[in-house]
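Good morning, colleagues. Please look at the sequence and the structure on the screen while I take you through a few of the features.

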Amino acid sequence: MSETGWAVLRQLLVDRYDEFRARLARRLGSADLASEALHEMYLRLDRADHPGPIASPSAYLFRAAYNLATDMRRTEGRQARQTIADGLDELVDETPGPDGIAEAKVDLAALVRALRALPPRQRAILIAARYERLPRAEIAKRYNISRRFVQMELQRALEACKLFVDGKNV
């Protein structure tokens, strides 16, 4: 065939669709991919320009559909890899490793030492405010002191604990 137009190629694809689909499916190992590539090929044959001479229109159509399927697989593979990479960001394990655990144990031991070193009322105020999460007014009422004094005692207790944890008061 010396001169072949897109319309002729399109009609050939329609007429021999089942044959092309079976050959592509065998070659690609996927009937779905073969169908998708042939459908895409059909859409691409709707052009106004002239393709020029094609020696074997059937071989041309098969090769073009095979190339389309190969491109589809590559694109799908890239998208799958990107999706996996995006998913890995969400799977980051935020639990502490051995170094983090050891550091936390050291900090906890320092905090326990700091709490034991505090005067009893400061320790009680700190525990009531931070652990029991009591409002300052309730703590003041419990110990029969002002809210301002509760705040001052809490501040002193926190500063002392920070010194112990930072290792400046061993």
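A salt bridge, as the term is used here, is a side-chain nitrogen of Lys or Arg within 4 Å of a carboxyl oxygen of Asp or Glu. Please keep in mind throughout that we are looking at a predicted model. By that rule, the model has 6 salt bridges.

Let me begin with the pair K162 and D166. These two residues form a salt bridge, and their closest N and O atoms are 2.7 Å apart. K162 is exposed, with a relative accessible area of 51%, whereas D166 counts as partly exposed at 40%.

D166 also leads us to another part of the chain. Between D107 and D166 there are 59 residues in sequence, yet their C-alpha atoms are 8.3 Å apart in space. D107 belongs to helix 5, and with a relative accessibility of 30% it counts as partly exposed.

Which residues make the nonpolar surface patch? They are L108, L111, V112 and V165, and the patch covers about 280 Å². Helix 5, residues 98-117, gives the most to this patch, with 3 residues. V165, for its part, lies in helix 8, which spans residues 147-165. At 31% relative accessibility, V165 counts as partly exposed.

Let us stay with helix 8 for a moment. Within this helix, E153 and R156 sit 3 residues apart, about one turn of the helix. The two form a salt bridge, with 2.6 Å between the closest N and O atoms. Is E153 buried or exposed? E153 counts as buried, because its relative accessibility is 7% and the cut-off for buried is under 20%.

I turn now to the packing of helices. In general, two packed helices are described by the angle between their axes and the distance between the axes. For helix 7, residues 136-143, and helix 8, the axes come within 8 Å and cross at roughly 100°. Helix 7 is therefore roughly perpendicular to helix 8. On the side of helix 7, the contact is made by R136, A137, I139 and A140; on the side of helix 8, by R147, V150, Q151 and L154.

The side chains of R142 and E132 meet at 3.2 Å, N to O. R142 lies in helix 7 and E132 in the loop between helix 6 and helix 7, so this pair ties together parts that are 10 residues apart in sequence. Both residues are partly exposed: R142 has a relative accessibility of 44%, and E132 has a relative accessible area of 38%.

Finally, I would draw your attention to the loops on either side of helix 7. Where does R133 lie? R133 is in the loop between helix 6, residues 120-131, and helix 7. Its phi is near 55°, a positive value in a residue other than glycine. R133 is exposed, with a relative accessible area of 69%. In the loop between helix 7 and helix 8 we find N144. The phi of N144 is likewise near 55°, again a positive value in a residue other than glycine. N144 is exposed too, at a relative accessible area of 72%.

That concludes my presentation. Thank you for your attention.

Technical notes:
Residues are numbered from 1 along each chain as its sequence is written. This is a predicted model: local features need pLDDT of at least 70, side-chain atom pairs count only at pLDDT 80 or more; totals for chains, interfaces and linings use all residues. Side-chain values use heavy atoms; hydrogens and water are left out. Patches are made of residues with over 30% relative accessible area and no salt bridge: like charges are joined within 9 Å, nonpolar side chains (Val, Leu, Ile, Met, Phe, Trp, Tyr) within 5 Å. Accessible areas come from the Shrake-Rupley method with a 1.4 Å probe; for residues, only the protein chains shown count as cover. Helices (H or I, at least four residues) and strands (E, at least two) are DSSP runs, numbered from the N terminus. Buried means under 20% relative accessible area, exposed over 50%, partly exposed in between (1.4 Å probe, protein chains only). Axes are lines fitted to C-alpha atoms, for helices over the stretch in contact, and angles run from 0 to 180 degrees between N-to-C directions. Angles under 35 degrees count as roughly parallel, over 145 as roughly antiparallel, 65 to 115 as roughly perpendicular and the rest as oblique. Contact means heavy atoms within 4.5 Å.
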